[in-house]
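Student: Could you take a close look at the chain interface for me, then follow the leads from there? Please spell out the cut-offs as you go.

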Amino acid sequence: MDTMRGDTIGADAPDVAAIAAAHRGSRAALIAILREVQAARGYLPEDALRAVARHTGRSLVDVYAVASFYHSFSLKPRGRHTVCACLGTACHVRGGQQVVEALSRELGVRAGETTPDGEFTLETANCLGACALGPVVVVDGRYFAKVNPGKVRRILSQARSGVAAPEAADGERALVTEAVCPECGRPLLDAARPIDGYPSLQVSAQCNGWRGRARISCVDGVLDGAPENAAALERVRLFCPHCSAGLNDLLRCGECGVPTVSVLAGDGALVQMCGCGEQRVRRAEVEGAGARREIAQLS
Amino acid sequence: MRSLSSVEDLAALRQRLAGRGERAIPTIVIPAGTCGRANGALDLVRAAKRELLARELVGRIGLRVTGCHGFCEMEPSVLVAPHGTFYPKVASEEMGRIIGAAAQDRVVTDLLFADGEGERIERQDDIPFFARQTRRLLGRNQEVDPTRIEDYLASGGYAALAAALAAGPEPVVAEVKASGLRGRGGAGFPTGAKWEMLARQPGRRGKFLVCNADEGDPGAYMDRSALEGNPHAILEGMLVGAVGTGANEGVIYVRDEYPLAIRHVSMAIRQARALGLLGERILGTDLSFDIEVVRGAGAFVCGEETALIRSIEGKVGEPRQRPPFPVQRGIDGKPTLINNVETWANIPLILEKGAAEFAAVGTQGNSGTKIFSLVGKVKRTGLVEVPMGATLGEIIHDIGGGPVGAAAVKAVQTGGPSGGCIPAARFDLPVDYDALTAAGSIMGSGGMIVMDAHTCMVDVARYFMGFLKQESCGKCFTCRKGTQRMHEILDDITRGEGSPEHLQLLEELALAVKDTTMCGLGQTAANPVLSTLRYFREEYLEHIRHGRCPAAVCKALVTYSINEACTGCGACRRACPGEAIRGASKERHVIDSARCTKCGMCVTVCQFGAVAVA
Ligand SMILES: Cc1cc2nc3c(=O)[nH]c(=O)nc-3n(C[C@H](O)[C@H](O)[C@H](O)COP(=O)(O)O)c2cc1C
Ligand code: FES
Ligand SMILES: [Zn+2]
Ligand SMILES: [Zn+2]
């Protein structure tokens, strides 16, 4: 390994530095850091391992040993989509092996490999915890039950088209491609002011006497996220900017318990959004100094 | 909600929540654990919300999204509480009818559960799958939305903590000892005795409690369901443990393959902290205890105690020699007690009911209930909870409904890679730690994989040996090489290249690996081989002597053919990736065995069952 190269690239690894800093003083930090670096980079390239070693004070040998011991880590680039087939006992006795072989044949790669076009990484797992539904295949976090070789092609084509439908069956982030006010039917989505690269929902907001505009990430379905930001939507009332109909719903988020915000998606589906999410401001961003302070206080 | 500053505060809050009347109105309960979601439960949740809005029933009909109730095969399902009406496999379009009926206190008869041709059954509790269980733990999953601490409190949650605080350390440990609870992680070590050992350790530098949620047994998911469905019960169990042992730090080590469990447990911890149920001076008492979630990274051996500790410390998860035992030297050198998820989940029950009532279920020396993951070739699959000492037959036939199709049930595999296969002739065995060990398997953590005439026992042994070969950390030579060699031999046999001497060699290797390895992985690695050799030697010999796989599983020993049921529809011909099938339209097709790769595609696409594998 060329030290020069490692050093220069390492110095350019501010992402690793930030991740390592966030974990300073935490137990098991190394595994958690590697997981986050992998999430950010897609895999664990050599320069990232070097940077992790430098920022954690562990030797490169140590870091490499951990990265190669645990199956969750990948030292090779991964595809855009991850296809993971279960080879646990329950899935095995129901023909899981044939499913893996079919996937392997369709994709032209073996388990653990990535297709040359960078689209798919094929993996196997020892058990995905849905044993009653075996054989199980998980594609990008979405579970497919009772899979057999005949269903493989359809699963892959579904994976290629992605989870763009608002009614994503797995409840992972539901991308609203088109959203209108349930009351007046006028559009709420604004492509010109994206959050996280996606169009955001533009609504009116009211909070402690302040009135202004709020933007909500459209990538968030009702069932994603964590509760610490729950208060945000509980305190902020949201309205349609066109007809002023209230959008805060009486129904509470199934995940965190705060009232949700209802909008109608393009195909007529009612999508409910919740303020829960890892980082509040990403999810329900409220413009205007007064409101921003209010939200900042809640963090 | 404000942070609670005393036990009285907690009681008052619980009373206020219980009195809100949320539980009195008819409530649509939708199980949406990982299994439910895989079956489309979240679409049902959305449909339910839409219907409640459209019919202006918000406030009159409740909606509760919960973890798994156990009947995963029938998901997405709906339970209408409190009456207990059960609707299996509900399509989103039917949600309106179900909600409409619930609002008028009616039942939608044509959507009810029916067992085959049998008559429809209205209430969940009357369905044999549920009726024959004792659902002490699983039954609570349907009462709470796991993401709302309010639900847990309203259904009596954290009362065991209050009772433990009132009782003090020694009585708490004494109660757990008296309950006879044994560890649910596999070894069955008495929990109270383990707690007592930790309580006696000097605690100046602090002590750890660990919840082992690595659930490595492939085919088992009891722990996932507990973590996803009722995480506060585990936190409460650990808090009671902290009272009893003087521990001040807790870790829940969750396997990486369980993202929803990680999410729900993390949420529960945050909620408990916000209420002052975790942290410094809990409920205004001297108890200080906090819990951190540590995620695994996909290594089976990390479920072993000493490897688990290393992994928690951020190191390579290799086991080490014991003693010193974790209770003496664990995480960061501090005394550490490790219990399984289900063990922790039982603790609140013991404190609530009292040891005597807890032990009233089960048998002498094996008290309480145990959850099993009843999967594989069985008609009704899912999670089932039974008193310890129930027989295998009761679980597989009475609750599980026996075989899926015409093929008879042949065996059941218990205990995962450390366990073994028990033949159907021994299904009168009671399920407890001692009886299953005597039969050459182990109870393990609760995986129960049913096998029928279409399961090859040599293939099963080969499967487990492949698993163990892959998961052996490699530290002990005999484990690393022994599992590899046994796998090679088994692989040869499944390819028709075995000899009778191979069986003797297998037995010798098995004993060598058992006796010369350090951790439980190696010590039990031979069980799948030894138990199948013991009960299914004939199947091995059939492979060896006649090059025949009686179950028609071993690829090298089977041939595919098309029988007279073929209608000549051409589905198999079009699907065959090897272009090995020929035939004119509406005429019986044939498989060219020279080109056939035995991939199974034709079997799955044929609608007439015309492809024979033998
Ligand atoms: C190879 C190996 C893997 C294990 N995996 C697990 C596991 O996934 N979950 C678990 O609770 N115990 C597992 N155990 C058992 C633990 O070492 C330990 O006995 C258990 O967590 C103690 O908790 P209990 O007394 O509550 O059963 C495993 C043991 C071995 C040897
Ligand atoms: S065995 Fe495949 S999900 Fe458990
Ligand atoms: Zn389920
Ligand atoms: Zn075979």
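Tutor: Let's start with one pair: Lys555(B) and Glu101(A) join their side chains in a salt bridge, 3.1 Å from N to O. A salt bridge here means a side-chain nitrogen of Lys or Arg within 4 Å of a carboxyl oxygen of Asp or Glu. Between chain B and chain A the count is 2 salt bridges. Polar contacts across that interface come to 24 residue pairs, both partners at pLDDT 80 or more. Such a contact is a pair of N or O atoms within 3.5 Å; within protein, one must be able to donate a hydrogen and the other to accept it, and residues adjacent in sequence count only if both atoms are side-chain atoms. On the side of chain B that touches chain A, helix 19 (residues 457-471) of chain B gives the largest share, 7 residues. Sorted by class, that side of chain B has 35 nonpolar, 17 polar and 26 charged residues. Nonpolar covers Ala, Val, Leu, Ile, Met, Phe, Trp, Tyr, Cys and Pro, charged covers Asp, Glu, Lys and Arg, and the others, Gly among them, are polar.

Some ground rules: this is a predicted model, where local features need pLDDT of at least 70 and side-chain atom pairs count only at pLDDT 80 or more, while totals for chains, interfaces and linings use all residues. Residues are numbered from 1 along each chain as its sequence is written, chains are lettered from A and ligands numbered from 1 in the order in which they are written, and side-chain values use heavy atoms, with hydrogens and water left out.

Now the whole interface. Chain B brings 78 residues to the contact and chain A brings 61, where contact means heavy atoms within 4.5 Å. About 5900 Å² is buried between chain B and chain A, with 54% of it from carbon and sulfur atoms; buried area is the accessible area (1.4 Å probe) that two parts lose on being put together, summed over both.

The zinc ion (ligand 4) is coordinated at 2.1 to 2.3 Å by Cys456(B) (SG), His543(B) (NE2), Cys549(B) (SG) and Cys554(B) (SG). Donors are N, O and S atoms within 2.8 Å of the metal (3.2 Å for Na, K and Ca); water is not among the atoms, so sites may look incomplete. Along the chain, the donors of ligand 4 follow the spacing C-x86-H-x5-C-x4-C. Helices (H or I, at least four residues) and strands (E, at least two) are DSSP runs, numbered from the N terminus.

There's another zinc ion, ligand 3, with protein donors Cys35(B) (SG), Cys68(B) (SG), Cys72(B) (SG) and Glu75(B) (OE) at 2.2 to 2.7 Å. The site of ligand 3 is tetrahedral too, with angles of 91 to 126 degrees among its 4 donor atoms, and its donors follow the spacing C-x32-C-x3-C-x2-E.

Definitions and conventions:
Four donors count as tetrahedral if all angles lie between 85 and 135 degrees; four count as square planar and six as octahedral if opposite donors are over 155 degrees apart and all others between 65 and 115; anything else is irregular.
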